[in-house]
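Welcome! Please take a moment with the sequence and the model, and then let us walk through some of its parts together.

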Amino acid sequence: DPILKDLDWIATDEMTNDHADEWKDPGIVNKDIAFLQYTSGSTGSPKGVMVTHDNLLYNIYSTIYRYGLSELDPKRNDSLVTWAPLFHDLGLIFCTLPPLYGGFPCYMMTPEAFIQRPIRWLETITKYGSTISGAPNFAYELLTNRVSKEEVKTLDLSTWDIAMNGSEPVRAETLEKFVEHFAPAGFKPHYFSSAWGQAETTIIITTTDKEVAPVIRNFDKEKIEKHIVSEIKADDKKSLRLVGHTMNLLDAKVIIVDPKKMTKCKEDEVGEIWVSGSTVTPGYFNKPKANKETFQAYTKDTKEGPYLRTGDLGFIQGDQLFITGRYKDLIIIRGQNHYPQDIELTVERSHPALRLGCEAAFSVDVDGEEQLVIVQEINKKYADKFDADEVCKAIRKAVSEEHNLNVYNILLLKTGTVRKTSSGKIQRNDNKHS
């Protein structure tokens with residue numbers, strides 16, 4: 001590229017301290033934009049979120065404060081391990097900036113190195129006695145399935161007391177399976193930290209308190225689909241297990257609002273999650289209409305605002321926020337609400353030939369009526385030895401029994417075909433229209 005050739009290039013490994021004398025104050029103030037962080041595009045086209053220096057400083061300090069890292073606790077000897085890509089907010093803001101700010105080591109590997117051999121992540125934590133690392137839920141699921149019991153015995157995860165799980169829905173089953181599988185390596189339930197946030201909020205909004213295991217509660221799935229909150233016994237067939245997120249991020253305020261009426265929900269109602277506070281960014285770059293709709297929301301009944309409309313649905317119990325799904329992804333068939341991630345979990349468990357975390361559920365209009373469609377990848381090792389009719393029959397049976405739904409169409413695809421965002425989130429809208 002001729003433009004790149006004309007730039008002045010400085011090799012960082014050849015720099016001397018003399019360069020410090022050439023530094024000039026750029027006149028940056030806290031409210032200036034540090035960079036544009038593009039959204040994942042899981043429910044639409046990616047947008048450039050204007051992240052300010054204030055937003056970054058708030059999130060960095062909140063991370064250090066909530067987890068009591070080295071800067072605040074001299075007894076700790078923190079180090080962080082990451083394979084998350086630096087172009088993603090998890091990799092940049094959570095995994096890279098806190099070590100720079102807090103002055104503790106950060107050990108990096110490429111995403112490819114992790115995917116090719118997932119145990120590398122845990123081996124690196126073991127090697128350096130690292131205390132903090134984070135990844136999306138699928139990574140913990142992958143480790144549980146790919147690391148043998150014999151390999152677990154070679155690991156020491158006793159120092160890893162902050163295992164952040166975020167960037168996609170946190171599954172209760174994943175947390176429990178991981179804890180059980182890696183307990184022989186010293187991993188304990190309270191090491192997990194369930195987190196929730198968005199690019200629009202810099203990265204993080206809520207996270208679990210340190211030394212407290214994530215809260216898991218059971219709710220009536222049928223009532224949740226009607227946006228009514230009702231706890232239920234764990235062994236009930238209608239039980240929906242949700243992981244809580246502790247609302248503890250300094251000045252962040254969270255309320256639940258009816259997305260259609262724009263009025264505050266009651267305590268036992270599911271609604272859209274609205275957020276305000278220093279973690280919320282100024283908006284999207286050059287998107288004034290979208291900014292007004294998304295970042296400048298006010299409740300109609302109490303006139304509270306401005307709030308960020310997150311587009312996520314959920315409810316609050318005490319200091320716990322429970323996420324039920326994305327408003328735009330909600331599947332409505334015969335007037336009944338269905339959360340796609342619940343259907344997808346049912347699908348992936350229905351047959352061993354199906355690849356975990358690589359399916360999409362959505363509805364399509366057929367002669368004026370919404371019908372359910374499933375797109376699902378086949379596990380590579382079953383590519384030449386699965387019976388398509390048998391697999392489809394298993395999917396239809398499971399979805400019918402657990403969700404009382406008929407599947408209109410099923411597309412079985414080869415490995416690596418289902419569309420995802422850079423952070424591994426399913427792009428249901430893209431899969432629907434591809």
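Let us begin with a sheet of three strands: it is open, its order is β17-β18-β19, and its pairing is mixed. The strands at its edges, each pairing on one side only, are β17 (354-366) and β19 (407-413). On average, neighbouring strands of this sheet are turned by 20° against each other, direction ignored. Helix α12 (residues 340-348) packs on the sheet, where it touches β17 and β18, and its direction makes about 130° with that of β17.

Before going further, a word on the source. This is a predicted model, in which local features need pLDDT of at least 70 and side-chain atom pairs count only at pLDDT 80 or more, while totals for chains, interfaces and linings use all residues. Residues are numbered from 1 along each chain as its sequence is written, and side-chain values use heavy atoms, with hydrogens and water left out.

Helices (H or I, at least four residues) and strands (E, at least two) are DSSP runs, numbered from the N terminus, and two strands pair if DSSP finds at least two bridges between them. Contact means heavy atoms within 4.5 Å. Axes are lines fitted to C-alpha atoms, for helices over the stretch in contact, with angles from 0 to 180 degrees between N-to-C directions.

| Strand pair | Bridges | Direction |
|---|---|---|
| β17 and β18 | nine | antiparallel |
| β18 and β19 | six | parallel |
| β1 and β2 | five | antiparallel |

In the sheet, L354 stands opposite I378 in β18, and V375 has L411 in β19 as its bridge partner. A hairpin is formed by β17 and β18, with two residues between them, and D367 in the turn has a positive phi of about 55°.

Now turn to β2 (residues 48-52), where five of five residues are buried (under 20% relative accessible area; exposed is over 50%, partly exposed in between, with a 1.4 Å probe and protein chains only). In a regular strand the side chains alternate between the two faces of the sheet. Both faces of β2 are covered, with G48, M50 and T52 on one side and V49 and V51 on the other. Across from G48 stands Y38, with β1 spanning residues 33-38.

Helix α2 (residues 53-67) holds N59. Is N59 buried or exposed? N59 is buried, because its relative accessible area is 2%. Leaving aside residues up to four places away in sequence, N59 touches I93, T201, T202, I203, I204 and T279.

Finally, the spaces. On a 1 Å grid over the protein atoms alone, a cavity is a set of points where a 1.4 Å probe fits but cannot get out, and a pocket is an open set with protein on both sides within 12 Å along at least five of seven lines; lining residues have an atom within 4 Å of a point. A volume is the space filled by probe spheres set on the points, which are joined across faces, edges and corners.

The second largest pocket has a volume of about 330 Å³. Its lining has 15 residues, with E222, E225, E402, H403 and N404 nearest its centre. At least two lining residues come from each of α10 (221-225), β16 (336-338) and α13 (388-403).

One cavity of 30 Å³ or more is found in the whole structure. The largest cavity has a volume of about 40 Å³, and its lining includes Y67, D161 and H190.
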